[in-house]
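Please read the points below with the structure open beside you, and look up each residue as it is named.

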There are 2 protein chains.
Amino acid sequence: MTPLPETFAALADDTRFAIVERLLTEGARTAGELSEVAPISAPAISRHLKVLREAGVIDQRVQGTKRIYSVNPEALRAISAWTISHRAFWEGSLNRLEQALQSKEEI
Amino acid sequence: MTPLPETFAALADDTRFAIVERLLTEGARTAGELSEVAPISAPAISRHLKVLREAGVIDQRVQGTKRIYSVNPEALRAISAWTISHRAFWEGSLNRLEQALQSKEEI
DNA sequence: TCCATTATTAACGCAAATGTTAATTAACGT
DNA sequence: ACGTTAATTAACATTTGCGTTAATAATGGA
């Protein structure tokens with residue numbers, strides 16, 4: 001499994017995040033269609049897709065001369081699992097008692 | 001609210017991710033204590049803390065000459081909310097029907 | 001076969017990120 | 001006031017990231 005920081009790095013760029021959002025809301029798309037997400041050249045998009053692919057965030061399937069991309073569910077699952085593993089921290093009401101328990105010193 | 005790509009960028013570095021993990025599991029810590037997460041200089045840690053702070057991932061409170069850092073729950077909540085907003089995609093059983101619905105063309 | 005289409009890889013320039021050491025700021029204790 | 005501790009800011013070198021245009025690769029149709 002891809003380390004979380006690498007997954008985050010892939011999603012840290014506006015263009016790449018927009019690509020992923022588009023794939024999530026509209027489903028699988030070709031590289032050409034994904035070029036619409038930002039006013040940059042096709043080679044630039046291609047490199048962003050490579051970064052996302054190498055981080056395991058998206059999958060690619062070849063169909064003729066086209067490359068069809070889709071989000072790898074595992075990537076989102078991994079991020080979700082991380083937030084959930086710390087859910088007690090951020091989901092609580094964060095009253096004074098919890099903050100005290102959270103701090104280094106015991107009460 | 002901080003844009004998600006900026007939050008991800010803050011968490012995209014191994015050292016910064018380690019800092020956040022430590023704060024999440026052990027609670028608030030001083031800059032000095034957080035230096036232990038990686039074999040780099042104190043100024044380097046200080047800059048990482050600044051990146052995390054400016055991205056809204058951590059909070060700082062001053063106590064004498066010490067700076068005490070803690071994770072800002074809102075940051076984790078925002079990441080969690082994003083994954084949840086796309087939960088139908090990654091949580092499903094991903095059988096052929098769902099993949100078909102997910103793809104561009106209608107069935 | 002030849003050409004158009006789709007996409008990537010190559011080569012390059014520039015800006016941003018990350019590390020170092022040295023210098024500075026601020027609070028505390030004697 | 002002075003020295004110690006805690007942390008940051010300054011200045012600098014090096015690496016990484018992201019964009020461009022030009023060149024290459026691969027498929028499909030006339």
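1. A nonpolar core is a set of buried Ala, Val, Leu, Ile, Met, Phe, Trp, Tyr and Cys residues that are joined through side-chain atoms within 4.5 Å. In this model, which is a predicted one, the largest nonpolar core has 48 residues, and the members that touch the most others are Val57(A), Trp82(A), Val57(B) and Trp82(B).

2. Which residues does Trp82(A) touch, leaving aside those up to four places away in sequence? Its contacts include Leu4(A) and Phe8(A) from chain A, and from chain B they include Leu11(B), Phe17(B), Val20(B), Glu21(B), Leu24(B), Leu76(B) and Ile79(B).

3. Thr7(B), which is found in helix H1 (residues 4-10) of chain B, deserves a separate look. Is Thr7(B) buried or exposed? Because buried means under 20% relative accessible area, Thr7(B), at 4% relative accessibility, counts as buried. With residues up to four places away in sequence not counted, Thr7(B) touches Thr2(B), Ala55(B), Val57(B) and Ile79(B).

4. Chain A has an open sheet of three strands, in the order S1-S3-S2, and the pairing is antiparallel. Strand S1 (29-30) and strand S2 (58-63) of chain A stand at the edges with a single partner strand each, so one side of each is left without a neighbour in the sheet. Between S1(A) and strand S3 (residues 66-71) of chain A, the antiparallel pairing runs over two bridges, and Ile68(A) in S3(A) is the bridge partner of Thr30(A). Helix H2 (residues 14-26) of chain A packs on this sheet, where it touches S1, S2 and S3 of chain A, and the direction of the helix makes about 85° with that of S3(A).

5. DNA strand D is surrounded by 22 residues, of which the closest are Ser41(A), His48(A), Ser46(B), Thr65(B) and Tyr69(B). Of the atoms of DNA strand D that come within 4 Å of the protein, sugar and phosphate account for 65%.

6. Some individual atom pairs can be followed here. A phosphate oxygen of DNA strand D is 3.2 Å from an N or O atom in the side chain of Arg16(A), while a polar side-chain atom of Asp13(A) lies 3.4 Å from a phosphate oxygen of DNA strand D. In chain B, a polar side-chain atom of Thr65(B) lies 3.0 Å from a sugar or linking oxygen of DNA strand D. The elements that give two or more residues to the surface near DNA strand D are helix H4 (42-54) of chain A, together with helix H3 (31-34), helix H4 (42-54) and strand S3 (66-71) of chain B.

Definitions and conventions
Residues are numbered from 1 along each chain as its sequence is written. Chains are lettered from A and ligands numbered from 1 in the order in which they are written. This is a predicted model: local features need pLDDT of at least 70, side-chain atom pairs count only at pLDDT 80 or more; totals for chains, interfaces and linings use all residues. Side-chain values use heavy atoms; hydrogens and water are left out. Buried means under 20% relative accessible area, exposed over 50%, partly exposed in between (1.4 Å probe, protein chains only). Contact means heavy atoms within 4.5 Å. Two strands pair if DSSP finds at least two bridges between them. Helices (H or I, at least four residues) and strands (E, at least two) are DSSP runs, numbered from the N terminus. Axes are lines fitted to C-alpha atoms, for helices over the stretch in contact, and angles run from 0 to 180 degrees between N-to-C directions. A residue is near a molecule or strand if one of its heavy atoms lies within 4 Å of it. A polar contact is a pair of N or O atoms within 3.5 Å; within protein, one must be able to donate a hydrogen and the other to accept it, and residues adjacent in sequence count only if both atoms are side-chain atoms.
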